[in-house]
Amino acid sequence: MKVYAYKNGKNPVFVNNDGKTVKYRDLSKKQKELYDDLKLVQYDLTVGKQYLFKTNFFNIR
């Protein structure tokens with residue numbers, strides 16, 4: 001499952017492996033948790049205090 005784009009800059013569009021759109025309410029609990037985490041990361045990087053840059057979050061091993 002991927003977050004493909006944002007409709008009108010507000011509503012996320014989720015796309016499954018077959019390329020079909022899926023509504024948020026139809027995501028699994030784990031997928032919803034991951035999406036919520038993504039929103040927190042996006043907030044921190046764009047308008048937050050950018051705490052993630054002070055951690056190992058972006059280190060690639």
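Colleague: Let's start with Phe 57: what is its relative accessible area?

Modeller: Phe 57 has a relative accessible area of 45%, so it is partly exposed. Keep in mind that this is a predicted model.

Colleague: And why does 45% put Phe 57 in the partly exposed class?

Modeller: Because buried means under 20% and exposed means over 50%, and Phe 57 has 45%.

Colleague: What about Phe 58, then: what's the relative accessible area there?

Modeller: Phe 58 comes out at 40%, and is partly exposed as well. You'll find Phe 58 in the segment after helix H1, which covers 29–46.

Colleague: Which residues make the nonpolar surface patch?

Modeller: Phe 53, Phe 57 and Phe 58 make that patch, and its area is about 330 Å².

Colleague: Switching topic: which residues form an aromatic cluster?

Modeller: Phe 14, Tyr 24 and Tyr 35 form one.

Colleague: OK, let me zoom out. How many helices and strands does the chain have?

Modeller: The protein chain has 1 helix and 3 strands. Starting from the N terminus, the order is β-β-β-α.

Colleague: How much of the chain is buried?

Modeller: Of the 61 residues in the protein chain, 11% are buried. The accessible surface of the chain is about 5600 Å², and carbon and sulfur atoms account for 52% of that surface.

Colleague: What share of the contacts joins residues at least 24 apart?

Modeller: That share is 13%, counting contacts in the protein chain between residues at least 6 apart in sequence.

Colleague: Now charges. How many salt bridges does the structure hold?

Modeller: It holds 1 salt bridge. The partners are the side chains of Asp 36 and Lys 39, at 3.6 Å from N to O.

Colleague: Why would two such side chains pair up at all?

Modeller: Side chains of opposite charge can pair when their charged atoms come close.

Colleague: Where do Asp 36 and Lys 39 lie?

Modeller: Both are in helix H1, 3 residues apart, or about one turn of the helix.

Technical notes:
Residues numbered from 1 in each chain as written. Predicted model: local features only at pLDDT ≥ 70, side-chain atom pairs only at ≥ 80, totals over all residues. Heavy atoms only, no water. Patch = residues over 30% accessible without salt bridge, like charges linked within 9 Å, V, L, I, M, F, W, Y side chains within 5 Å. Areas by Shrake-Rupley, 256 points an atom, 1.4 Å probe, with all protein chains shown as cover. Salt bridge = Lys/Arg side-chain N within 4 Å of Asp/Glu carboxyl O. Helix = DSSP H or I, 4+ residues; strand = E, 2+ residues; numbered from the N terminus. Buried < 20%, exposed > 50% of the residue type's maximum accessible area, 1.4 Å probe, protein only. Contact = heavy atoms within 4.5 Å. Phe/Tyr/Trp six-rings, centres within 6.5 Å; stacked < 30°, edge-to-face > 60°.
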